[in-house]
Amino acid sequence: MYGEGMTGPDPHPAPGGGAGVDGVRALDPQQLGAYFVLTEAVSLLQYHVEQQLRAEGGLSYVQFQLLARLADAHGPLTMTQLADGVVYSRSGLTYQADLLEKAGLIARGPSPDDDRATLVTITGNGLALVDRVLPGHVQVIRRLLFDPLSGDDLHHLGDIMTRVRDHMRAQPPRSAAPRKHRPSPTSPAPTQP
């Protein structure tokens, strides 16, 4: 699946390339280890951040991201700018914005410059909530992410993650990816050999 250590010897070896299933080269042990450590660290950090935000503000992580971006912008942002900034689907973002608007934390309205754009602004209540949860948020981030790192570690981590993020953002957006053909419910099921 990921590498030989995960599934045993590759059942479909490719001559000279180490390619696995469907011609995709397996991850080497160092790549696999880095991948697992990164995903586990991100999951642990996000879990603790989410717990703090829910306990102190009744917010999900995505809702906090939206409020924090709006607070930092010092003015309205479009829904597109928010979706790009938090890397979230447009439909999911609309749902989260609906919840925040009903709670009186944001306000939405049409853009005077673009009929298709919706502008989002944080309200006074939204700013007050960000101010209330931010100290605890900073404590969680500092304790879990930054306390075990030296200044050099932090510099290297920032450099590495910036390169990874920039590489990922340079890829075509999910909305531009070709859709996989899915058989219709009336299509006959494929036969097994």
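**View 1. Helix 2 passes helix 6 in a right-handed crossing.** The near helix is turned clockwise from the far one by less than a right angle in such a crossing. The model is predicted: local features need pLDDT of at least 70, side-chain atom pairs count only at pLDDT 80 or more, and totals for chains, interfaces and linings use all residues. Residues are numbered from 1 along each chain as its sequence is written, and side-chain values use heavy atoms, without hydrogens and water. Helices are DSSP runs (H or I, at least four residues) numbered from the N terminus. The axes of helix 2 and helix 6 lie 9 Å apart, at an angle of about 155°. Helix 2 is therefore roughly antiparallel to helix 6 (angle over 145 degrees).

**View 2. Residues in the contact of helix 2 with helix 6.** Contact means heavy atoms within 4.5 Å. Helix 2 contributes L45, H48, V49, Q52, L53, E56 and G57. From helix 6 come L129, R132, V133, G136, H137, V140, I141, L144 and L145. Nine of the contact residues are nonpolar, five polar and two charged.

**View 3. The largest pocket holds about 2200 Å³ of space.** A pocket is an open set of points on a 1 Å grid where a 1.4 Å probe fits, with protein on both sides within 12 Å along at least five of seven lines; lining residues have an atom within 4 Å of a point. Of the 44 lining residues, V42, Y61, Q65, V87 and R165 are the closest to the pocket centre. Helix 2 gives the largest share of the lining, 11 residues. The lining of the largest pocket has 28 nonpolar, 10 polar and six charged residues.

Note on methods
Points joined across faces, edges and corners; volume = space filled by probe spheres on them. Helix = DSSP H or I, 4+ residues; strand = E, 2+ residues; numbered from the N terminus. Nonpolar A, V, L, I, M, F, W, Y, C, P; charged D, E, K, R; others polar. Axes fitted to C-alpha atoms, helices over the stretch in contact; angles between N-to-C directions. Parallel < 35°, antiparallel > 145°, perpendicular 65-115°, else oblique.
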